[in-house]
Amino acid sequence: MSECLKFHFDVDGENFVSAGQASVQVKKNLRQLGLPPEIIRQLSIAMYEGEINMVIHAGGGEADVTVYEDRIEIVLTDHGPGIADISLAMQEGYSTATESVRALGFGAGMGLPNMKRYTDEMAIDSVVGKGTVITMCVYLNKQ
């Protein structure tokens, strides 16, 4: 594959029914490309966690997935409230989810930690009051 493949998804905010549809589609696309199951699993988990975070905290956003020869990159962009304290948000169990969201089974504070756990690289660029961009990368040729 000499050229990269790009997939774009709009994530509908506050719609838990459609949350996860982008990660399911990415999983299907990566299977069709014949990528290893473990890579697909990693990306699916990271993408799903990001989607749910956008629904819970940001009123939705956009997900862009680019498949390169040596890696897959996911860029999640939202225009939500931003993350005030990234190091705190990265702690397992920390969550700003409302009680109504928690009652639905979401907001356990594992989204960002799982995104980092299942990717090889992750960067968070967030401005309070403007939004967040999370870039994640999984390498295909791991030694």
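The paragraphs below lead through a predicted model, from a helix to the strands after it and then to a loop residue.

Local features are taken from this predicted model at pLDDT of at least 70 and side-chain atom pairs at pLDDT 80 or more, while totals for chains, interfaces and linings use all residues. Residues are numbered from 1 along each chain as its sequence is written, and side-chain values use heavy atoms, with hydrogens and water left out.

Helix H2 covers residues 37-58, where helices (H or I, at least four residues) and strands (E, at least two) are DSSP runs numbered from the N terminus. The end C-alpha atoms of H2 are 30 Å apart, which agrees with the 32 Å that its 22 residues should span, the expected span being 1.5 Å times one less than the number of residues. Because 16 of these 22 residues are buried, H2 is largely enclosed by the rest of the structure; buried means under 20% relative accessible area, exposed over 50% and partly exposed in between, with a 1.4 Å probe and protein chains only. Gly-59, with a positive phi near 70°, follows H2.

Strand S2 (residues 60-67) is mostly covered, with six of its eight residues buried. S2 pairs with strand S1 (residues 5-12) in the antiparallel sense over eight bridges, pairing requiring that DSSP finds at least two bridges between two strands, and Glu-62 in S2 stands opposite Asp-10. S2 also runs antiparallel to strand S3 (residues 71-78), to which six bridges join it; Thr-66 has Glu-73 in S3 as its bridge partner, and a hairpin of three residues connects S2 to S3.

Ala-84 lies in the loop between S3 and helix H3 (86-89) and is exposed, with a relative accessible area of 73%. Although Ala-84 and Val-128 are 44 residues apart in sequence, their C-alpha atoms are 5.9 Å apart in space.
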